[in-house]
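Let's take a walk through this one, starting with the rings and then heading for the core. Have the structure open as you read.

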Amino acid sequence: MKVLDYVEEFIIAIAMLAMTVIAFANIIARNFAEFSFSFTEELTINLFVLLTFVGTAMGVRRFAHLGFTLLYDIGGATVKRIMIAISTIAGLVLFGVLFWYGIQTVLFQIDMGQKTPALGMPQWILTMALPFGALLCIIRTVQVGLIEWKLGGADPDPTDLEKAGKGEMQ
């Protein structure tokens, strides 16, 4: 999974860099040349979608997702395992639906031959960010669910998470 970690980090870095450069160039062009690049909004919005999904997958991987943990914290090991199973299944359903609808949207855009308004490129290329990001989230949800299950509901510390992710836990 280390390769996937690097891929996620690379995509996030490139998307952030591209969004910054595009926005900066557009601001400079507007303020100094009285000219606006119309395609920048289109690119920035689509890069933001990609960034959102890849960032979500990275957040799941790092256990950084928001959660209300009162019931989890006061529950015993059995309650914690039940809640781990429920949250993992709920995440898989959510990201599975997003993946499925993303694929359906991409196929529809291919069939219709949709082009982006400003760039005139096939819309499905940019829409692929949705199923790609949802697939990353599915992979990370399974990974985190398995790690939490291996830990048996115990509160993980960073060394436990690394060991559990590598299969070194007993």
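For an aromatic pair, the ring centres of Phe, Tyr or Trp (its six-membered ring) have to lie within 6.5 Å, and planes over 60 degrees apart make the pair edge-to-face. Keep in mind that this is a predicted model. Searching the whole structure with that rule turns up 1 aromatic pair. Its partners are Trp100 and Tyr101, with centres 4.9 Å apart and 80° between the planes, so the pair counts as edge-to-face. Trp100 itself is partly exposed, at a relative accessible area of 48%.

Rings also turn up with charges over them. Look at Tyr72: the charged end of Lys80 sits over its ring, 5.3 Å from the centre. At Trp149, Arg81 lies over the face, 4.4 Å from the ring centre.

Now for the inside. The largest nonpolar core has 17 residues, and Ile12, Leu47, Leu50, Leu51, Val54 and Leu136 have the most contacts within it. Helix 1 (2-33), helix 2 (39-61) and helix 6 (129-150) each give two or more residues to this core. What does Leu51 touch, leaving aside its neighbours within four places in sequence? Leu51 is in contact with Ile12, Ala15, Met16 and Met19.

Then there's the packing of helix 2 against helix 6. Their axes are 8 Å apart and cross at about 5°, and the two helices are therefore roughly parallel. On the helix 2 side, the residues at this meeting include Leu50, Phe53, Val54 and Val60. Those of helix 6 include Phe132, Leu136, Cys137 and Val144.

Key
Residues numbered from 1 in each chain as written. Predicted model: local features only at pLDDT ≥ 70, side-chain atom pairs only at ≥ 80, totals over all residues. Heavy atoms only, no water. Phe/Tyr/Trp six-rings, centres within 6.5 Å; stacked < 30°, edge-to-face > 60°. Buried < 20%, exposed > 50% of the residue type's maximum accessible area, 1.4 Å probe, protein only. Lys NZ or Arg CZ within 6 Å of the ring centre and 35° of its normal. Core = buried A, V, L, I, M, F, W, Y, C linked by side-chain atoms within 4.5 Å. Helix = DSSP H or I, 4+ residues; strand = E, 2+ residues; numbered from the N terminus. Contact = heavy atoms within 4.5 Å. Axes fitted to C-alpha atoms, helices over the stretch in contact; angles between N-to-C directions. Parallel < 35°, antiparallel > 145°, perpendicular 65-115°, else oblique.
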